[in-house]
Amino acid sequence: MKTSEFRVWLSNLFRLSRGQREEVERALGHAPSQLPLEWLERAHGGDAGCPRCAAPKPYRWGHQARMQRYRCRQCGHTFTLLSGTPLARLRYKERWLTYSEALREGLTVRQAARRCGVHKNTSFRWRHRFLRLPAEAKAEHLQGIAEADET
């Protein structure tokens, strides 16, 4: 394959559906990769508490957008593991890792949109959602003892 053809093929990888990506990975001899949400679901394993009343041990209640949905035994509220988080109701979950890499590299909103194959407005919304938690978790006041050497 010519280098120019390879670069075109490589630039179109982000447009593959999940099934197509898994087929490419099988052809290359790799096990299909998991979405970040699948990792999250395995880590919690249904131990997530209700975001409304904090009751433990909800039961499974179907699926929504390829995610396990749960129903609270006490209040009847239905939710996913992303409910109540900044990532709730965002689409194209399979592109989140690529977008987080673009954020880490310091790409602009438009460059990140091009890399992930999403609209620039989607890229802008994702940037604000992805960075909301770190901004909220930042300490407002410093406490303790600060030491400095004369150098």
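Q: What does buried mean here, under 20% relative accessible area or over 50%?
A: Buried means under 20% relative accessible area. The model is predicted. In it, strand β2 (residues 67-71) is mostly covered, with four of its five residues buried. Across the protein, buried residues make up 26% of the 151 residues.

Q: How many helices and strands does the protein have, and what pattern do they follow?
A: There are six helices and three strands. Along the sequence the pattern reads α-α-α-β-β-β-α-α-α.

Q: Which strand pairs with β2 over four bridges, and in which sense, parallel or antiparallel?
A: That is strand β1 (residues 59-64), and the sense is antiparallel. Arg-60 stands opposite Tyr-70 in β2.

Q: How many residues lie between β1 and β2 in their hairpin, and which turn residue has a positive phi?
A: Two residues lie between the strands. Ala-65 in the turn has the positive phi, about 55 degrees.

Q: How many bridges join β2 to β3?
A: Two bridges do, and the strands run antiparallel. Strand β3 covers residues 78-79. Here Tyr-70 stands opposite Phe-79. The hairpin of β2 and β3 has six residues between the strands. Within that hairpin, Gly-76 takes a positive phi near 80 degrees.

Q: At what angle do helices α5 and α6 cross?
A: For a helix pair, take the axes and read distance and angle. The axes of α5 (residues 109-116) and α6 (residues 120-137) come within 8 Å. They cross at roughly 110 degrees. Angles of 65 to 115 degrees count as roughly perpendicular, so α5 is roughly perpendicular to α6.

Q: Which residues of α5 and α6 meet?
A: From α5 come Val-109, Arg-110, Ala-112 and Ala-113. From α6 come Lys-120, Ser-123, Phe-124 and Arg-127. By class, this contact has four nonpolar, one polar and three charged residues.

Q: How does helix α4 pack on α6, at what angle and with the axes how far apart?
A: Helix α4 (residues 96-105) packs on α6 at an angle of about 80 degrees, with the axes 11 Å apart. That makes α4 roughly perpendicular to α6. On the α4 side, Trp-96, Tyr-99, Ser-100 and Leu-103 take part. They meet Ser-123, Trp-126, Arg-127, Phe-130 and Leu-131 in α6. The classes of this contact are six nonpolar, two polar and one charged.

Q: What describes a pair of aromatic rings?
A: The distance of the centres and the angle of the planes describe it. The structure holds six aromatic pairs. Take Trp-126 and Phe-130: their ring centres are 6.2 Å apart and their planes lie at 15 degrees, so the pair is stacked. The cut-off for stacked is planes under 30 degrees apart.

Q: Where do Trp-126 and Phe-130 sit in helix α6 relative to each other?
A: They are four residues apart in α6, so about one helical turn separates them.

Q: Are Trp-126 and Phe-130 buried or exposed?
A: Trp-126 is buried, and so is Phe-130.

Q: Which residues form one aromatic cluster?
A: The cluster consists of Trp-96, Tyr-99, Trp-126 and Phe-130.

Q: What share of contacts with a separation of 6 or more comes from residues 24 or more positions apart?
A: In this protein, 41% of them do.

Definitions and conventions. Residues are numbered from 1 along each chain as its sequence is written. This is a predicted model: local features need pLDDT of at least 70, side-chain atom pairs count only at pLDDT 80 or more; totals for chains, interfaces and linings use all residues. Side-chain values use heavy atoms; hydrogens and water are left out. Axes are lines fitted to C-alpha atoms, for helices over the stretch in contact, and angles run from 0 to 180 degrees between N-to-C directions. Angles under 35 degrees count as roughly parallel, over 145 as roughly antiparallel, 65 to 115 as roughly perpendicular and the rest as oblique. Contact means heavy atoms within 4.5 Å. Ala, Val, Leu, Ile, Met, Phe, Trp, Tyr, Cys and Pro count as nonpolar, Asp, Glu, Lys and Arg as charged, and the others, Gly among them, as polar. Buried means under 20% relative accessible area, exposed over 50%, partly exposed in between (1.4 Å probe, protein chains only). Two strands pair if DSSP finds at least two bridges between them. Rings of Phe, Tyr and Trp (its six-membered ring) pair if their centres lie within 6.5 Å; planes under 30 degrees apart count as stacked, over 60 as edge-to-face and the rest as tilted.
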